[in-house]
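Please keep the model open as you read them.

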Amino acid sequence: MAQLEIDDLSNAFFQSWEKLQPFTLDDLERYYQTAPEVFNHYFQQHCQRTPERLGAALERYPEQIATMKRAAELLPSLIEEVYERLSNLMGLEMTIKTRLLVGCFGSNAYVTHDGTLHFALETMPDNPDYLTVLVAHEMAHAFHFEMLGNAGFDFSKMAGDGYTSIYLEGVATVVSELVKPGLSEKVYFSFDETSEAWLTFFKEHFIEVKKAIQHDLKHWKMEEEREWFRLRGGKKYGYNRLGYLLGRVFVKQLIQKTSLKETMIYWARHDLKQEIEDWMDEASSPITSGGA
């Protein structure tokens, strides 16, 4: 039976924030000790844990605290709303675990290996529609993993390579559009209105970006993952996470070729790496490749 579970770690932060003013670096460290396993993973994978980084976060919290509290209030109902839409779209009920936390302005949201969705409140958009898109993107990952597992997928194949990222992030981006249609195109990538130049650059340099990623797929390491799929990347062209945009084009093409549900379980039945390689060789523009 479907079940939604929300672990709200933000309450401890807000209570300390209201009680302890000025809120100090020691207070912040004590908050992170309330859930050491969660925050150790956060800092290992999604945000550098340095005194400078924590100090900068302390300076930024006051201007974000109202938005953080609104996000904490809105997220439970939005999570439920997105779940209902995704469940109907995929014809699937499953247990969804989510966690709300306060980080240090690193990743805005991510899914851990156990399928738990994490939302860092200090990075949440101050717009319910954009927040819905972000929830849909992360929850799409959880549904995707569940559907692949149900189809018999061998998760040992899910290596940390570019093929995996292109497919997974492409699916999450496209599904978020289906869950919350009608918004500005850029919102589905940046969850705000600031990325018009980023999207325009990709469309105007599609062939060049595609070839650059195709080259890096042959020797993929964390440096390439960071360049094309992480917030700290973007050194080559000045725009990070261009891999998300390419993934969306690939997945739209795959849906046209098969169907949405077949695309969700494609890796369980086909050679994903070969499919992407063949597509990379053939794709000539965002339009002919399924739309950007």
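**Notes on charges, rings and burial**

1. Let's begin with the charges: there are 15 salt bridges, a salt bridge being a side-chain nitrogen of Lys or Arg within 4 Å of a carboxyl oxygen of Asp or Glu. Please bear in mind that this is a predicted model, where local features need pLDDT of at least 70, side-chain atom pairs count only at pLDDT 80 or more, and totals for chains, interfaces and linings use all residues. Residues are numbered from 1 along each chain as its sequence is written, and side-chain values use heavy atoms, with hydrogens and water left out.

2. One of these pairs is Arg70 with Asp126, at 2.8 Å from N to O. Helices (H or I, at least four residues) and strands (E, at least two) are DSSP runs, numbered from the N terminus. Arg70 is partly exposed, at a relative accessible area of 37%; buried means under 20%, exposed over 50%, and partly exposed in between (1.4 Å probe, protein chains only).

3. Helix α4 also holds a pair within itself: Arg85 and Glu81 are 4 residues apart there, about one helical turn. Their salt bridge has its closest N and O atoms 2.8 Å apart. Arg85 is partly exposed at 33% relative accessibility, and Glu81 is partly exposed at 29%.

4. What about Arg248 and Glu177, buried or exposed? Both are buried, and they form a salt bridge with the closest N and O atoms 2.9 Å apart. Arg248 lies in helix α11 and Glu177 in helix α6 (residues 162-179), so the pair links parts that are 71 residues apart in sequence. Through shared partners, salt bridges join Glu177, Glu185, Lys203, Arg248 and Lys252 into one network.

5. Arg241 deserves a look of its own, in the loop between α10 (222-229) and α11 (242-257). Arg241 is buried but has no salt bridge, and the nearest side chain of opposite charge, Glu169, is 7.4 Å away. Here Lys and Arg count as positive and Asp and Glu as negative, while His and the chain ends are not counted. Leaving aside residues up to four places away in sequence, Arg241 touches residues including Phe189, Trp198, Trp228 and Phe229, where contact means heavy atoms within 4.5 Å.

6. The charged end of Arg241 sits over the ring of Tyr244, 5.2 Å from its centre. The rule asks for NZ of Lys or CZ of Arg within 6 Å of the ring centre and within 35 degrees of the ring normal. Arg60 has its charged end over the ring of Phe105, 3.8 Å from the centre.

7. For the rings themselves, the count is 26 aromatic pairs, with rings of Phe, Tyr and Trp (its six-membered ring) pairing if their centres lie within 6.5 Å; planes under 30 degrees apart count as stacked, over 60 as edge-to-face and the rest as tilted. One aromatic cluster includes Phe13, Phe14, Trp17 and Phe105.

8. Which residues of helix α1 (residues 10-19) are buried? They are Ser10, Phe13, Phe14 and Trp17. These residues cover an arc of only 95 degrees around the axis, which puts them on the same side of α1; the arc is that of the directions from the helix axis to the C-beta atoms. Gln15 and Lys19, on the other side, are exposed. The buried residues of α1 pack against β1 (3-8), α2 (25-32), α4 (51-90) and β2 (95-101).
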